[in-house]
Structures are given as structure tokens and as C-alpha cells.
Amino acid sequence: MRVLLVHPGPLMYSEIYLRLEPLGMERVAAAVRAAGHDVQILDLQIFSHRDFYRLLDSWHPQALGFSLNYLANVPEVLELAAGARALLKNSLIFAGGHSASFVAAELLEHSDALDCVLRGEGEGATPELLDAFGTCSLAKVHGVISRDGEGPAPRLLEDLDHFMPARDLARRRRKYFIGVLDPCASIEFTRGCPWDCSFCSAWTFYGRSYRKSSAAAIAEDMRSIAEPNVFIVDDVAFIHPEHGFEIGHELEKRKVKKAYYLETRADVLCRNREVFDYWRRLGLEYMFLGLEAIDEQGLKLHRKRSSPDINLKALELAREIGLTVAVNLIADPGWDERQFEVVRQWALEIPEVVHITVATPYPGTETWITESRKLTTLDYRLFDIQHAVLPTRLPLRRFYEELVNTQAVINRKHLGWQGLKNVGRMAAGLAIKGQTNFLRMLWKFNSVYNAERQHSDHFREVRYQLRPPGQHVAGRPRGEMLFVHNPRAEAAGTRQVADGMLPHTRARPEPIGGPIDAPPVANTGLRAGN
């Protein structure tokens, strides 16, 4: 069967800072190819909608799968599916991915063009779906939501060593980058997150499970990567330091040398400093820390299970190790001018790069259940952590002015003329090699982050809207009611799980892999797992 897997176009954040390869989709493609199908990948972060329709017309795929890791891509995917259906009358058209898993039924309500939606990880379910197509048994596929009914519960991939990414299917790979790591490939060491932050849906997608690939398989995958730079997509790197050491030793055996970027938590860095020291010697250069807040109240609100002291200690440790660090803070819609000013001053006092995202209740998060009654919009396109979808204390336009001004002040610290002087040699070296992704990024900020643009986005015609949750709770909802995968129930062969079956992990903790793809800033397309 000819199978085309499609990643949708870029979102606002990735117009500037990064463009990551569709790693989850590559893993799904590997599983589909292993099942004997002819598969292609088309990444609309790089290619155009015109390219999409040309490929449909020339290749005529018998199955078309869309990766939906991000809610803001839903309208684009629905329009592409409708356009594809006009050309592919008898082909299977489906979607999967992180966000698709939480809004599967709504997607079918929005679009007659979609035959079904796959919930959960995609490596196992996608070949199963392709086998079932044409047999009137779609509703028997694990994780499927179809017009004929709902299939059995989605299943986790038993062994993450299976189906290493089919990177050969991703064309124009030199377009992928993250910051100065240009070009940059991506790799997955682990999948899942054992923490339970209230704003995050990574742990609810995986049922608060955490799985690891073997060190040998990771090293072989790393050795196959042509790019000199690699982004490790794990939601929290090196939770288990021994795993990090094992991977490093396997890389040293194979004499693999790369420059690395990873994400982790402040408390994990503080607890496991030795493994980060070791990886610095291996080539680790950049680290992303999701601090989320600079005060105790904000950390408790997000249930980070950390403290301001731990966050500051982590920043000090990273400096001692010699890492360049970027941190994320979550802007609350309730902030006023004074709170924005406090954040600006804090960000200017530290050497690290600071990014700001806007608190957004997503389907699959606890805040979707507890805060969604307050939503001021249900437009999918605004659920991108760059727009305010909850009531703002300031007038909306003023909120965006403060938000953009804050990020601009912070960016000038790194991307102004002085910053450009500091990276001039690096930028020139990249340009000589034909790599201009980073250079283009430097000059895009004002055209992308613009208060007028963000404010006017709220007044566009809305064709597709989210469905509010069917129930609200005043306190903390049970985790199981949010889960896509329920590991305990899967092991017991049932969809139900009793209270307390998942252990509470106090001191431990979003990846990309699992559904056909997921976000790094905010974990985690068809998620590798889709």
C-alpha cells in the first residue's frame, strides 16, 4: 500500500527559534515500512501546500495520515484532509498525534473527510490500521475512533528499540535547526514523564509512565545521524543518571562526536550533576530548563514540585558545568504591568536566555478541566501558548504589548547588536557552510512577535472550534480520567483502573515519540507513538 504521512506547517514559535525534524512520524514510517508498505513523508514545515497537492496527484497514496501534535494545526489539517478527499475518493485518510488523541471525536465531527483518528502511540497502531482498511473492521484497531465505533484501548509500544526513525524519508534535512545548532537532527532516549504538572499533558498522554531505549540502540541510532548537532527530545533528560552514563559509554565506544541540546528539570540537574558534567565532556552545549515561575506561588500553581532556591541552584550548576541555558517562564493572563516588569528585571539580571509562553489550558491537562469555563475563545489556532485564551487582567491589546515588550527586552540582551557581535564568527561560519536558518532567525522577531498581529488574531473568522469538556471539577481531577494510555489497565487487559494504582512520584517528574510527534517546548504529530 502507498502510504503518505504529513506533518503540518509551522506555528508561531517555530517561525523563529527552531524547526525540528518530525521524529515521531519518522518512527511511525519505519513501522509502516517494516510492515511491507511503500511510505513517504512530507513535512509542511519545509514544503508548501502546493507541494502536498502535487504529490497527491502524482503518487496517489492509498492511505494518508496527518500528524496532529499541536491544537493550533487542527484547522490546517482539516482543510488539507478535505482537499485530499476530493482527489483520493477511495483512500484511507486518518489523523493521529498528541493533541489528536485528546480531541479525536471532535475531529470526526468537524470533518467528513477523515475516516478515523488514532489515539495513543502510532508505531503499533498505524500498521494495524492499514491492515484493517477495507475489511470493515476499523473499529477493532487499538486506539481508533471511527465512524463505526471505538476500538480497544491504545497500547504502548513494548520495546522502544523497535522502529528506529526512518530519517532517509525526511527530505531537505538541512532545514532543521534549533538556535545556533544549524543543522540539527533529533533523537529520543526515553518516552514519558513521571511528574504531574497541572499545565502539561505529557504525563496524561502516557499515563505517567516512563520508558527507556537501550543504550546500545541509542548509540547505533546516533551513529547513523549525519548532522553534527543533535537535539535530545526527552521531556526530562537523565532522570536515571545510570542510563545517561550507559549511553555515553556506548557513544564513546563508537567514537561518536556531536554537539547536543537537551531539556531537563532544575531538580534533576541538582540531583544528578555528575551525568551532566560527563555529557558536557561528550559535547553537551545547550540546555533548556522549564522553570515556569520565579516565585513559590507560581511554582505551586503549576505543581512543579520545585522551589525558587532549587531553580537558582540549577542555574548556578549549569554555569559551572559550562552550559548555555535557556529557561521558560509561563505568563499568567492575570499579570499586570508590575508583574511583567518584575519578570523583565529578573531576566535581565541573569545571563541565561529567557523565553515566555502564555498559560493555556489544553485538552488532556488538569487546567482544561478546572479552568475551561473561563475560556474567552475556542478557536484552535489560538491554543499555541503565544495567545491568551483566558481572561486577561489588562485590556487584551495592552496584555500583548507588555508580553511582546518583555520578550523584546530580553531578546535584545542576546540578539541585539552586541549579541550579534558575540555570535558573529559562529554565524559567519554557518553561512559559509550554506546554513542560514540561524541567521534568518535573528531578524524575524519583530515580524512574528507583534502585539497588533497577536491581538488581531482574536478577530479572525472561526470555522472550527474546540468542544468544551463535558465535566468540570473544582479541585484536582483524578489523573486516570485524563489518560490516553493507562499502563496498569493495559497490563490487566482492561480500560479501568482503580484509585491509587499509579504510584505517587513525589520527587520525579512531556517526549516526542509516541503520537506521530510532540512539542519540545511544551512536549510532544502522529506522535511517535502516532
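How many of the residues of strand 14 are buried? Select residues 259-264 and look: 6 of its 6 residues are buried, so strand 14 is mostly covered. Buried here means under 20% relative accessible area, with exposed over 50% and partly exposed in between (1.4 Å probe, protein chains only). Strands (E, at least two residues) and helices (H or I, at least four) are DSSP runs, numbered from the N terminus.

Before moving on, keep in mind that this is a predicted model, where local features need pLDDT of at least 70, side-chain atom pairs count only at pLDDT 80 or more, and totals for chains, interfaces and linings use all residues. Residues are numbered from 1 along each chain as its sequence is written, and side-chain values use heavy atoms, with hydrogens and water left out.

Stay on strand 14 and show the side chains. In a regular strand the side chains alternate between the two faces of the sheet. Here Ala-259, Tyr-261 and Glu-263 point one way, Tyr-260, Leu-262 and Thr-264 point the other way, and all are buried.

Two strands pair if DSSP finds at least two bridges between them.

Next, select strand 13 (residues 229-232). Both of its faces are covered: Asn-229 and Phe-231 on one side, Val-230 and Ile-232 on the other, all buried. Click on Phe-231 and look both ways: Ser-186 stands opposite Phe-231, and so does Tyr-261 in strand 14. Strand 13 runs parallel to strand 10 (residues 185-187), joined by 3 bridges, and pairs with strand 14 in the parallel sense over 4 bridges.

Follow the chain from strand 13 through helix 9 (residues 241-253) to strand 14, and you trace a right-handed β-α-β crossover. Right-handed means that, with the strands pointing away from the viewer, the path from the first strand over the helix to the second runs clockwise.

Then go on to strand 16 (residues 324-331), which runs parallel to strand 15 with 5 bridges joining them. Tyr-286 stands opposite Thr-324 in strand 16.

Last stop: select Ser-137. Is Ser-137 buried or exposed? At 16% relative accessibility, Ser-137 counts as buried. You'll find Ser-137 in the loop between helix 6 (122-132) and strand 7 (144-146). Show the side chains of Ser-137 and Thr-135, and you'll see a polar contact of 2.4 Å joining them. A polar contact is a pair of N or O atoms within 3.5 Å; within protein, one must be able to donate a hydrogen and the other to accept it, and residues adjacent in sequence count only if both atoms are side-chain atoms.
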